[in-house]
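Please look at the sequence and the model below before reading on.

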Amino acid sequence: MLDWTDRHCRYFHRLLSRHALLYTEMVNAGAVLHGGTERHLRRNEEEDPVALQLGGCEPTALALAARQGEAWGYQEINLNCGCPSERVQRGAFGASLMKEPQLVADCVKAMRDAVQVPVTVKHRIGIGRDESYDFVRDFVGQVADAGCEVFIVHARNAWLEGISPKQNREIPPLRYEVVHRLKADFPALTFALNGGLASDDAVTAQLAGLDGVMIGREAYHNPWWLARWDALYFGAAPQALEREAIEEAMVDYMAREQTRYGTPWPSVARHMLGLRHGLRGARLWRQVWSDHHLKEWPAHAVMVRARAAQNAVQDRADQPA
Ligand SMILES: Cc1cc2nc3c(=O)[nH]c(=O)nc-3n(C[C@H](O)[C@H](O)[C@H](O)COP(=O)(O)O)c2cc1C
């Protein structure tokens, strides 16, 4: 998710789930080719498996960027056909690509010819107010003909005018039934549903008829949810994860990042602010980890202070009235 996720976030999420496939935010193919490959593609091996999502509409540039992504170790290359932002529309990629299925097919084909790893597509179910099923069915059909076998479907239309990208994730109605219809019409293809999933019940209901789900905002805001996924959805033995141990692993990572690349700890810590979501004292713990006045402190000392702030709330709550 642009402006939210990065390799530090994926390092954190991977501590919580070993099996979930993680995606990068959209990386512009042009930026990969001309803006410093390392800056855009640097990753930690501990993040694996990770798919690189590319934005672009030029088959040759996308193929070259996909090849770079594969060389940097990404296990899947995904093409964004779902982003409605104006900047992206001006570049004629993102969601507006859905209006040009042949171009998307050409992009997919060029990328597939360039890499061994799977090339997948993330898209919406329609553009503007047109809710006809034929539009998305034909899009999927044409892109599948070019060799794409995996579709991640954000189950709402993209309205390209009049609303912000944020509103575009909230206002156009979710229509999960469209994704199920796609699965029925293309049973050999793999469909993962995305949009508005925020509980195990909601995920389980979708997995009954589809191949997978993608979770965005809830995973970011409530990352502890991920700690249940391996056992619930991947058949793994339950792990006895503790929030404290995850926080400590992140502090070690912050120290390593600081030494190797000069990364200030707040750039890493910002992703884990939801770790204690819903627990007593979480707000005070979070306030310490977001306090930029402490940015010169070693991350370990910040953790000690954050825990003290959280425990003080607990101690007060434990005292007899
Ligand atoms: C801040 C933010 C940035 C996003 N950036 C991307 C992006 O780079 N690529 C993408 O495919 N979707 C992006 N999305 C959309 C999400 O991937 C997802 O499709 C959408 O939020 C609906 O799923 P959710 O309800 O699980 O969050 C972004 C969402 C947010 C909130």
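## Backbone, helix packing and ligand shell

Proline 49 sits in the loop between α3 (37-41) and β2 (50-55). Helices (H or I, at least four residues) and strands (E, at least two) are DSSP runs, numbered from the N terminus. The model is predicted: local features need pLDDT of at least 70, side-chain atom pairs count only at pLDDT 80 or more, and totals for chains, interfaces and linings use all residues. Residue numbers start from 1 along each chain as its sequence is written.

The peptide bond that leads from aspartate 48 into proline 49 is cis, with omega near -5°. Aspartate 3, in the segment before α1 (7-16), has phi near 70°, a positive value in a residue other than glycine.

Two packed helices are described by the angle between their axes and the distance between the axes. Axes are lines fitted to C-alpha atoms, for helices over the stretch in contact, and angles run from 0 to 180 degrees between N-to-C directions. The table gives both helix pairs.

| Helix pair | Angle | Axis distance |
|---|---|---|
| α6 (101-114) and α7 (133-145) | about 30° | 8 Å |
| α1 and α12 (243-261) | roughly 145° | within 10 Å |

The angle in the table makes α6 roughly parallel to α7, a term for angles under 35 degrees. Residues are in contact if their C-beta atoms, placed from the backbone, lie within 7 Å. On the α6 side the contact is made by Pro101, Gln102, Val104, Ala105 and Val108, and on the α7 side by Asp138, Phe139, Gln142, Val143 and Asp145. Six of these residues are nonpolar, two polar and two charged. Here Ala, Val, Leu, Ile, Met, Phe, Trp, Tyr, Cys and Pro count as nonpolar, Asp, Glu, Lys and Arg as charged, and the others, Gly among them, as polar.

In the pair of α1 and α12, the contact joins Tyr11, Phe12, Leu15 and Leu16 of α1 with Ile246, Ala249, Met250 and Tyr253 of α12. This contact has eight nonpolar residues, no polar and no charged.

How many residues surround the ligand? There are 21, and the closest are Met1, Leu2, Met26, Gly216 and Arg217; a residue is near a molecule if its C-beta atom, placed from the backbone, lies within 6 Å of it. β1 (22-28) and α10 (217-221) are the elements that give two or more residues to this shell. By class, the shell has seven nonpolar, eight polar and six charged residues.

Methods:
Parallel < 35°, antiparallel > 145°, perpendicular 65-115°, else oblique. Contact = placed C-beta atoms within 7 Å.
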